Amino acid sequence: MPVLTVMSQNVQYGAGTGRWAGMVEVIREIGPQLLLLQEVDWLADPEQAKAAGEALGMELYVAPSRNRPVAVAWDPAHLRVEDVEARYTSEFHHGYAAARIAPWGITAGLPAPLVAVSAHLIPYSAQQAAVEAQILNARVYRHGGIGLIGGDINHPTATDPEIDWTQVKPYNRASRCIRREHPGDPWVSNRIVGQTLRDADLTDVAAHLADQRNDPALRRATGKHGGLRVDQLHTTPALTPAIVDYRTVEHDYSDHLGVIGVFDLAIVDGSQPHDFT
């Protein structure tokens with residue numbers, strides 16, 4: 001069975017003493033074939049990026065960024081990346097990297113390349129983050145429609161329960177909630193980002209399995225201080241049937257939990273490829 005394990009991790013403050021080394025150990029223990037990273041500022045240095053790839057035992061691409069870069073890494077024993085696109089990254093606050101993975105190795109049976117997007121949406125504006133999400137929607141369908149978006153989405157999902165917004169920092173509330181008419185009105189999530197991803201027929205992996213298994217714990221928050229499930233995985237319709245597992249991983253090396261998706265590539269639905277126009 002050609003199984004693909006994908007891990008997404010915001011590496012916030014990961015360059016600090018001991019943090020990155022500890023995170024590498026966590027990642028190597030999990031052993032994903034595909035790794036999506038966010039906030040890897042120090043890896044903009046090619047020498048640091050080379051060292052990081054060697055430490056992970058993976059090939060590593062770091063996307064250009066106006067602020068904090070994202071990266072994508074892959075195990076070359078199982079995956080062959082044809083290209084990594086970041087052509088619209090200047091339109092993002094942080095950026096994205098869309099890896100086009102060839103039908104080879106564990107993806108050999110796929111009728112089209114697998115597109116895997118590592119993303120980090122702007123935290124300061126739900127409206128602007130939704131615009132960034134619209135670009136990602138197009139990029140993930142770019143090469144036949146078998147794809148996923150993973151990363152720090154930073155905003156409420158389309159379907160998760162409301163959190164206690166009174167416990168959230170005021171600047172995050174103002175960025176992630178809808179405007180209130182009066183100061184005493186309750187805070188309500190601005191779900192425009194989650195809805196934008198959903199309206200492109202993308203499936204929220206954690207929510208999908210939480211509903212399928214009647215296990216609300218799968219919707220647990222991934223930001224340790226904000227109470228939101230900001231780190232998310234979303235799949236195109238072709239990849240959605242292949243979802244077999246999702247879990248989080250907690251460690252001391254970031255302010256974010258890692259999120260992990262497992263996919264059985266033998267049951268990808270390649271019957272309706274998307275022509276990109």
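Colleague: Is Glu250 buried or exposed?

Modeller: Glu250 is exposed, its relative accessible area being 55%. The terms have cut-offs: buried is under 20% relative accessible area, exposed is over 50%, and partly exposed is in between, using a 1.4 Å probe and protein chains only. Before going on, note that this is a predicted model: local features need pLDDT of at least 70, side-chain atom pairs count only at pLDDT 80 or more, and totals for chains, interfaces and linings use all residues. Residues are numbered from 1 along each chain as its sequence is written, and side-chain values use heavy atoms, with hydrogens and water left out.

Colleague: With which residue does Glu250 form a salt bridge?

Modeller: A salt bridge is a side-chain nitrogen of Lys or Arg within 4 Å of a carboxyl oxygen of Asp or Glu. Here the partner of Glu250 is Arg220, with 3.3 Å between the closest N and O atoms. Arg220 is partly exposed, at 36% relative accessibility.

Colleague: How many salt bridges does the structure hold?

Modeller: The structure holds 13. One of them joins Glu82 to Arg100, with the closest N and O atoms 2.9 Å apart. Glu82 belongs to strand β5 (residues 81-85) and Arg100 to strand β6, 18 residues apart, and this pair links distant parts of the chain. Glu82 is partly exposed, with a relative accessible area of 43%.

Colleague: What ties helix α6 to strand β11?

Modeller: The side chains of Arg213 and Asp245 meet in a salt bridge, 3.3 Å from N to O. Arg213 is in helix α6 and Asp245 in strand β11, so this pair ties together parts that are 32 residues apart in sequence. Both count as partly exposed: Arg213 has a relative accessibility of 40%, and Asp245 has a relative accessible area of 24%. Helix α6 (residues 205-213) lies across β11 and β12 and runs at about 110° to β11. Angles run from 0 to 180 degrees between N-to-C directions, and axes are lines fitted to C-alpha atoms, for helices over the stretch in contact.

Colleague: What is the order of the strands in the open sheet of 6 strands?

Modeller: Strands of a sheet pair through backbone hydrogen bonds, either parallel or antiparallel. Two strands count as paired if DSSP finds at least two bridges between them. The order here is β3-β4-β2-β1-β12-β11, with mixed pairing. At the edges are β3 (59-62) and β11 (243-249), each pairing on one side only. Neighbouring strands of this sheet are turned by 15° against each other on average, direction ignored. Within the sheet, strand β1 (residues 3-10) and strand β12 (residues 258-264) run antiparallel and are joined by 6 bridges. Met7 has Ile260 in β12 as its bridge partner.

Colleague: Which residues of β7 are on one side and which on the other?

Modeller: In a regular strand the side chains alternate between the two faces of the sheet. In β7, Leu114, Ala116, Ser118 and His120 are on one side and Val115, Val117 and Ala119 on the other, and all are buried. Strand β7 (residues 114-120) joins strand β6 (residues 95-101) through 7 bridges, running antiparallel. It also joins strand β8 (residues 146-152) through 7 bridges, running parallel. Ala116 stands opposite Leu148 in β8.

Colleague: Which residues of α1 are buried?

Modeller: An α-helix has 3.6 residues a turn, so residues three or four places apart point the same way. The buried residues of α1 are Trp20, Gly22, Met23, Val24, Val26 and Ile27. The elements that cover them include β1, β2 (34-38), α2 (46-56) and β11, where contact means heavy atoms within 4.5 Å. Arg19, also placed in helix α1, is partly exposed, with a relative accessible area of 28%. After α1 comes Gly31, with a positive phi near 70°.

Conventions. Helices (H or I, at least four residues) and strands (E, at least two) are DSSP runs, numbered from the N terminus.
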